[in-house]
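Please open the structure in a viewer and keep the selection panel at hand.

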Amino acid sequence: MHTSTVGQDEIVIERGRIEKNYWADLWRYRELFLILAWRDIAVRYKQTVIGVAWAVVRPFLTMIIFTVIFGRVAGLRSDGEAPYALMVFAATLPWSLFSTALGEASNSLIGNERLISKVYFPRLIIPTATIVAAFVDFLISFVILLGLMVFYQFPPGWNMIVLPAFIALAALASLGPGLWITALNVKYRDFRYVIPFVVQFGIYISPIGFSSSVIPNQWRLLYSLNPLTGVIDGFRWCILGRAPIYWPGLVLSIGVVTICLWFGIRQFRNMERTFADFI
Amino acid sequence: MSDIVINSEKLCKKYVIGHQVENVRYIALRDVLMRKLRCVWHKAKDLMHGDHVLQGDAFEEIWALRDIDFDVRRGESVGVIGRNGSGKSTLLKILSRITEPTEGRVRIRGRVLSLLEVGAGFHPELTGRENIFLNGAILGMSRAEIRRKFDEIVTFAEIEKFLDTPVKRYSSGMYVRLAFSVAAHLEPEILLVDEVLSVGDATFQSKCIAKMEGVARAGRTVLFVSHNMVAVRNLCSRALWLDRGRVLQFGDVQHVVAGYLAQSTSAHLEHHWPNRDSAPGNDSFRLHRARVSGATHGGLSQITVQTPVAIEFEYWNLVPGQRLNLSLVLWNEEGTLVFNTFPVDEPTWHGRPFPVGLFRSRCEIPPNLLNSGNHRVQLYAVRDQNSVLFVCDDALSFQVVDAREESSMWYGRWVGAIRPRLKWSTALLMPEMTKSPHQERVSVSSK
């Protein structure tokens with residue numbers, strides 16, 4: 001890429017120059033992006049006993065706990081005729097994608113501080129690459145879903161085709177806040193405590209153990225302000241395919257994700273010029 | 001014109017630091033609360049704008065670099081010199097694009113490698129093979145390029161056997177070799193070297209220097225930041241002297257280095273306090289004069305590693321009959337205590353009661369003892385060898401300059417707090433009996 005043209009291409013360093021070539025630079029560094037994503041995946045399960053199996057175990061255990069506590073003990077119902085366990089798992093999948101991606105992205109800049117203080121590249125690559133790593137985890141745990149569907153003899157419908165769109169929505173939902181928090185983390189280390197809190201809280205306010213249709217109608221739009229509501233509803237619609245989509249809620253969730261993403265990128269880019277001065 | 005590979009025009013870098021205003025007194029609780037609230041409000045506003053939050057309510061601008069103009073031609077080696085905090089590292093950071101300038105611009109032609117980047121992004125859990133790809137990508141090599149040079153990199157680093165071992169199990173030597181090998185195969189047009197980074201690791205530094213010479217010979221460009229004037233003189237043709245963020249001189253290396261040495265070695269060598277009442281000290285002891293001197297070289301007094309250094313204090317004893325002792329503590333620039341000395345063997349006054357009056361004590365440090373670099377003398381005035389009357393932390397400071405022959409292989413700073421010339425001898429104890437003609441002659445003669 002740069003080898004053949006060395007000598008001809010001139011780099012100009014001045015205030016605002018990085019800003020101007022931002023998106024072009026991002027494209028030029030795509031190979032670095034892939035390598036960093038690969039590194040995050042490769043490193044994650046080194047020096048672990050069961051390795052990649054963690055990606056399977058975590059959502060599976062969450063599902064079992066929810067099934068036992070909410071399904072059996074509290075007696076919550078599934079919507080439609082889909083088994084309760086399947087309904088919960090269709091929600092834990094995007095939830096764990098969201099929470100891992102958010103957690104990894106928010107700590108990504110601090111974890112790479114030596115890199116940032118030494119080499120130039122568009123910093124946006126680092127948090128974004130962690131999301132790719134979280135996505136690989138997601139694919140692995142997706143295998144359990146297929147297993148469960150075979151177990152319950154629950155054939156997937158055509159809705160499945162739309163699933164990638166909702167996967168993307170889940171990833172983008174974590175990217176927005178992730179970018180903002182990781183940038184803040186560079187200078188103010190207290191923001192790293194925000195994430196475990198958000199994740200712990202989110203698992204209860206998102207419709208994981210129950211269907212969002214149990215929310216009274218007048219509150220349902222408000223409830224969709226949580227972008228995970230739209231994501232989880234979408235997942236259930238794709239996988240279980242029975243309950244109809246609540247459109248106003250979905251549109252609102254997409255809107256919230258878009259705003260968060262726009263805000264996150266803006267904040268990140270504002271701060272990234274000076275990362276090296278503070279890290 | 002097209003031969004200029006680095007062109008810097010009016011380059012400036014400003015840092016803003018915030019601190020609390022100290023000389024404003026807040027009396028009422030309301031004022032204090034208002035001030036706190038204002039701080040919180042400003043912080044929140046800065047957070048939302050994505051600006052950096054400045055602590056405190058007063059801001060100070062610091063110009064790390066101011067109007068830096070210089071050109072570097074293709075194939076030239078330029079030394080960047082200046083005391084600590086003169087902006088050398090900031091300049092290097094801007095050139096390697098880690099931080100943006102505030103004003104002005106630099107044009108660079110060709111691929112830049114900063115030795116700062118050597119080993120950047122190495123991950124301890126990954127194997128040598130994996131790290132080569134990772135590090136290569138970080139330095140800006142494409143995957144195809146790394147694959148093409150992979151075998152060369154491995155051979156150069158001498159790590160064939162450990163290619164699939166996690167890097168955390170490498171010895172530090174292997175680690176450095178691998179890191180350096182990847183960087184060496186990047187084939188940069190412009191090499192940025194910061195000597196400070198390689199202090200203490202002999203292998204690494206000699207490799208860096210060798211690489212630098214190789215790069216310069218191959219018609220590439222080197223920018224070399226160093227405190228070591230011998231190295232700068234030998235490796236560079238021109239030098240850029242920075243002082244408090246400005247270019248003081250830029251030109252022929254011999255001229256600039258001579259100017260720098262003259263300035264940096266004569267600056268703080270002598271203090272004189274003609275007025276006894278305002279001199280540092282107290283009611284029982286006061287300083288009068290402090291001086292450090294080395295051998296005189298062509299009109300300018302320069303302290304090199306080979307010259308003796310004399311430290312001299314003139315002081316007032318103000319209490320009749322006390323037994324005074326000066327105790328000197330020498331610190332080097334890394335903050336290491338080099339030694340502590342006091343006049344136990346002084347023949348005339350040691351252990352005797354001092355009358356009131358002006359005294360002079362002189363301490364000589366023999367040649368070939370101190371290492372190069374900045375040294376600071378801390379002075380203790382002690383009474384009766386047990387109670388400290390007065391401490392002067394910054395009594396004197398001086399710089400010891402390297403003075404090795406220019407043919408020396410090693411340009412780096414010698415490691416260690418001191419650098420004594422010790423007596424060495426080597427003897428052949430037992431020649432090995434083999435059948436080479438040369439060895440045979442040895443064994444015949446020993447019969």
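Over all chains, the count comes to 24 salt bridges, a salt bridge being a side-chain nitrogen of Lys or Arg within 4 Å of a carboxyl oxygen of Asp or Glu. The model is a predicted one, in which local features need pLDDT of at least 70, side-chain atom pairs count only at pLDDT 80 or more, and totals for chains, interfaces and linings use all residues. Residues are numbered from 1 along each chain as its sequence is written, chains are lettered from A and ligands numbered from 1 in the order in which they are written, and side-chain values use heavy atoms, with hydrogens and water left out.

**First stop: chain A**

Select A:Glu104 and A:Arg44, whose side chains meet in a salt bridge at 3.8 Å, N to O. This pair links distant parts of the chain, 60 residues apart: A:Glu104 lies in helix H5 (residues 84–111) and A:Arg44 in helix H3 (residues 30–44) of chain A. Helices (H or I, at least four residues) and strands (E, at least two) are DSSP runs, numbered from the N terminus.

**Second stop: chain B**

Next, select B:Arg289 and B:Glu314, which form a salt bridge with the closest N and O atoms 3.6 Å apart. B:Arg289 is in strand S11 (residues 285–293) and B:Glu314 in strand S14 (residues 309–317) of chain B, 25 residues apart. B:Arg289 counts as partly exposed at 22% relative accessibility, whereas B:Glu314 is buried at 9%; buried means under 20% relative accessible area, exposed over 50%, and partly exposed in between (1.4 Å probe, protein chains only).

Which residues line the largest cavity? Select A:Ile18, A:Tyr22, A:Tyr120, A:Phe121, A:Pro122, A:Arg123, A:Glu272, A:Arg273, B:Arg97, B:Ile98, B:Thr99 and B:Glu100. On a 1 Å grid over the protein atoms alone, a cavity is a set of points where a 1.4 Å probe fits but cannot get out, and lining residues have an atom within 4 Å of a point.

**Last stop: helix H4 of chain A**

Finally, select A:Val73, which is in helix H4 (residues 53–73) of chain A. A:Val73 is exposed, with a relative accessible area of 65%.

Definitions and conventions:
On a 1 Å grid over the protein atoms alone, a cavity is a set of points where a 1.4 Å probe fits but cannot get out, and a pocket is an open set with protein on both sides within 12 Å along at least five of seven lines; lining residues have an atom within 4 Å of a point.
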